[in-house]
Every structure is written in C-alpha cells, then in structure tokens.
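Please read the following walk through one protein model with the coordinates open beside it.

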Amino acid sequence: MELFTSLSEVSKPFMEKISDVFQSDPAFAVYFTTAARWIFVILAAFILFKSIRSLLEAKNTPETWAFLALPDESHVPLTHWENVIGRAKSADVVVDILTVSRNHGTLCRDEDGNWRYNDLGSKGGSMINGKHVYRSTPVKAGDTISLAGVNCVLVPASLQEKMEDLGRRKRRSRKFPPWTLLLSLTIFQTLLCLQLIVAEGGELPITVPLSFAGLTILMWAFCTFLKVMRSTNFEMEVIAFFLCTLNLAVTATAAPNEVSKQLITIILGVILFFCLCIYLRDLSRTLLIRRILVAASVLLLIVNLVFGTLTYGATNWVSIGGFSFQPSEFVKIAFIFIGSATLDELYEKKNLGLFMLFSLFCLGCLAVMGDFGTAAIFFVTYLVISFLRSGEFSKLILTAGGAFAAGLMVLRFRPYIAERFATWGHAWQYADAGGFQQTRTMSAGASGGLVGYGAGDGWLHNVFASDTDLVFGILCEEWGLIIAVLAVLAIITLGVFAVRSIMGGRSTFYTIAACGATSLFIFQTMLNVFGAVDIFPLTGVTFPFVSNGGSSMLVSWGLLAFLKAADTRQGASIAVRKIEDEEKIEGGTL
C-alpha cells in the first residue's frame, strides 16, 4: 500500500500536466479522441482476430499411447488415456465380432503409463492371460485380453513410432508467441489512459492509470514466466487480458474508485488460473479433491442462505468485515470439478445420480435466494455435462420438461418473481418503469455506432448496473459495435475450441470439464448481452472477464484453467504434463 501511495505521488503531477495540455487546446483533444477511436478498433481487431484465428486453426492432434493387436492382425492405435472396447461403432476400439458386447470393457492409462482393463458387465465376460476378471485389473505390455473368447494383445509403441508421433504433433502444433500482441495491447492500454484523461480531466483518480500500468506489467510478467516454463501458445491468455483491459476501462468510466480493487482481483484471478493449471496436470490428484469440493460448496451455499443480504431482489451476497462476495460464483468452479468424470465413472450410474442430487441442491438454494439468472446458468451447464456423461438425449428432454414445470410452479406461488419478467419483450412500453435499464442500454448502444464515442465520453455509465448487467451497452456506446461483437466472438471461440478438443483429449474428465466451463461462459454471456437488449429477460448476470465484480473476475480466470487443461497441442499448456517418454524422446535418451 505504501508503494502504491508513493507511485501516486510521483505520477499525479505528470498526469496533471497531460490533462492541462488537452484542456488548453480543445481542438487537439477532439482530434485525439477521433483518431484514438479508430486506432482502438484496429488494435482490437488485430489482437482478437489473430488470437481467434489461431484457436480456430488449432489441431489437438491425437497422441498414440500404445496399440491393441486384434485377431485379424491389425493394430489399432490407442489415442486416449481412456478407451472403450466393443462392437459398437462409437467405441474407441471396434471389435466387430458378434460374441463381443457393444461396450465390452475399458482400457485406461494413468499418468505413469500403467494400463488397467475393466469389464463393463459384458455377457461373454473378459479374461487377462487366461484368467477371468470382474473388476479393474492391471494390464502390461504383451498381455492378452480376451473379450468373450476374442483375443487382443496390448502392444507398446516402438521408439520409431513414438518419434514419428511426436514429430507429427510438433508439425501440427503451431506456436503462438504473444509478444507482438502484448505490444499491441500495451499500446491499446496506453492510449486508453490518455483517452480517459481527455474525457475526465483532473477528475480522473490517479489509481486509474496506475491500475492500467499494473495490468500491463502483470500480463508481460505472466507470459514471460510461462515462456520460461516452455509454454508455446498464449491465445487464451491474450484474449483474457484483452477482456480484462475492457473491464478496467468500463470500471474506470462507471466506478473509477473501484479500479484498483478490480486490478487486485485480476491479479488474484491469474494466480488462481496458474494454480489450477498446475493442479489439473495430475488427474488422480484432481479426482481426489471432488469430495472436499462437494462439502465446501454445500457449506458456502448454506452460509449464503443464512447470512446472505438481500440486494435488488436476490440474497446472493455475503458480507464479512466489509468485504462482499458471491458464494454461488465460486461454486461454479466446484460444479465443473464435481460434474466431470473419467471414462470408468461414466459407466457407474451412481456417479451421475450423485451429481444430479448435488445439482438439485445447488438449484434449490439459488431458487430460495432468488438468483434465477445464476440458477439458469447452472441448469444449462448441468444439461451439457449430463449429456456428455450419459449420451442420452431423451433423458435431458424429460429433465428440461420437469424444470419448466417447476418454473411455472414457482411463478404460480411466488408471483413477485413474475413481476421481474413482466417487461420482457415490452421494454419500450415501460421505458420509465421496468424497462428503464433496457431502453437506456439500447439507446446508448445504438448511438455508439461502429467505433463508439470514446472511453469515458458516454452517458450510460450514469444508469444503475451499467458496469455489470448492462456492460454490453457501455461497450457499444463507448467502444463501438465492432469491439463489442469481437468481445462476444472471443467467448464463442473458446467454446468452439473446447468442442474440437474432444477428439484429442487424453481423459473424458478434461473434455467434459472444458465443455462444461465453456457452456457456462457462453450461456452467461448470452444472458448478459441479450438481457441488456430485451431479447432475454434481464437476470442480473455478468459478462465473463468484462463486467465489474471481484467474484466474477476470479471465477472467470478459474474456469479458463479447464480450457487450458484440454489443450493437448505440443507444449501449448502448462496444464498438460509432459509424459516421461516424450521428455526422453525430446532429449534423445530413449
């Protein structure tokens, strides 16, 4: 804190001189704002287009861990840590013989290269080296796995095959150095500070430019540190830092005294992101924490129910010693951990049942709190995870139908909730009542045009919740439709990448977690954007990374770690631990 005060004393005279220059020549200030508006768009388009294009072109090349020799003398590569063996076309290893069950068994590998076979209750049974097995059993290279009398042999990959596989993945894994984009983002942040000085003059708190300087130092230091750790791809981090820049810009406009607090939460979010990435590298360790997270989530939600304060119709805030946070936000990370599962767990129905009970508890607590926006996000994420776990679309339809009926019951017995949605689709008819926020958001957004008025030059920041629920309106008004749409497109791109990573995923845990996290991102963004413009009801949820709010920022960075853990491109992520054999191959010792 003393360092921050010293920097403020040193920086304040410098900022006052810059403000005097712009105030002494109003024409120059107008020219600067006009030029800056277009420069912002060009820089934003360059930063995001390059990051988005790299993610969309990314190829998570399957990794070959071993082979399974079939009776027809063919060798099927095992490209995942977890593989289903059976007659079904959806199986990872298809054995098209009538005696073999559709999903006969699973062959799974751990981080240390140890394989285990598990029979899935097949009719013909399974044997390993002539002995019947009924539970998960270790398998070594050269062992014979009999599927209802059909013999298959686990064959390790040869050195040449490993080298070819590694070389193929290196060729297809394009490196994405961040330095050019970080330089562009630094210029963006510098011009942004100058633009805010032009707009606010001497009224701009010195903490605003210092916070932007802190963000600049943070992103350069973090990417340099990751580079030292041999990370090669930084698309997600660059996108997140750009959105955080918009977050500080929005906060500086609507609540300038809270900018330093937002910087602290960004720093904490980056630390959380790094810690989760390191923790997710070890799958067995990751699975052990889920029971603790269940207990912690239940405790957090109960604390919220007992000690939560009623704020704008929902009791989703807890205040302790002057510090306020939303427990339901942190439960989102736990929800992804608990909902994700390894392949063997997918075939144990009790695991899905326990996840359903946990989800029901979360939704019930959120309903009692009156936080129906967050409840909707949890429910959609639950549907996505449940479908990925079971693959049964019909059950999801029944679940959605039951939820719809429950929603009607809630509206019937708690009519005050229905009043919140009375203006949905009719905001202009209630422009000075229930539709006040939406109509002002649409007016301000439309007035911003393609490039916006410029940071700090809008008026929507005077409307309540402009920097949280209505943040898309501020983006459109002050930054223009182009940058606002690019911010939404960046979130959607993360979703596309997560879906495409399924084919190259090592474990179903990582792929389900990535898809669950990105579905949460996308649906939350939809509720925020469409709610602000009256396409959806205004539910009071935040725009990931962009809206002002400490809890939301921390959780956004935490959820991003699940996406990094699904990125299996060679050297792309610190969340993916290199296998010992790969390191030996690269070092030339194997």
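Which residues in α10 meet which residues in α18? In this predicted model, K332, I336, F337 and G339 of α10 meet F509, I512, A513, G516, A517, L520 and Q524 of α18. The residues of this contact divide into seven nonpolar, three polar and one charged. Two packed helices are described by the angle between their axes and the distance between the axes. Here the axes of helix α10 (residues 327-339) and helix α18 (residues 508-532) come within 9 Å and cross at roughly 145°, and the crossing of α10 past α18 is right-handed.

Turning to the strands, an open sheet with mixed pairing is formed by five of them, in the order β4-β3-β5-β6-β9. Its edge strands, each of which pairs on one side only, are β4 (93-94) and β9 (137-139). Within the sheet, strand β3 (residues 82-86) runs antiparallel to strand β5 (residues 105-109), with four bridges joining them, and I85 has G105 in β5 as its bridge partner.

The structure also holds 21 aromatic pairs. For F355 and Y382, the ring centres are 5.6 Å apart and the planes stand at 35°, so this pair is tilted. Because F355 lies in helix α12 (residues 349-369) and Y382 in helix α13 (residues 372-390), the pair ties together parts that are 27 residues apart in sequence; both F355 and Y382 are buried. The rings of F545 and W557 have centres 5.6 Å apart and planes at 90°, so that pair is edge-to-face. F545 and W557 are each buried, and they belong to one aromatic cluster formed by F222, F241, F273, F521, F545 and W557.

Technical notes
Residues are numbered from 1 along each chain as its sequence is written. This is a predicted model: local features need pLDDT of at least 70, side-chain atom pairs count only at pLDDT 80 or more; totals for chains, interfaces and linings use all residues. Side-chain values use heavy atoms; hydrogens and water are left out. Two strands pair if DSSP finds at least two bridges between them. Helices (H or I, at least four residues) and strands (E, at least two) are DSSP runs, numbered from the N terminus. Axes are lines fitted to C-alpha atoms, for helices over the stretch in contact, and angles run from 0 to 180 degrees between N-to-C directions. A crossing is left-handed if the near helix is turned anticlockwise from the far one by less than a right angle, and right-handed if clockwise. Contact means heavy atoms within 4.5 Å. Ala, Val, Leu, Ile, Met, Phe, Trp, Tyr, Cys and Pro count as nonpolar, Asp, Glu, Lys and Arg as charged, and the others, Gly among them, as polar. Rings of Phe, Tyr and Trp (its six-membered ring) pair if their centres lie within 6.5 Å; planes under 30 degrees apart count as stacked, over 60 as edge-to-face and the rest as tilted. Buried means under 20% relative accessible area, exposed over 50%, partly exposed in between (1.4 Å probe, protein chains only).
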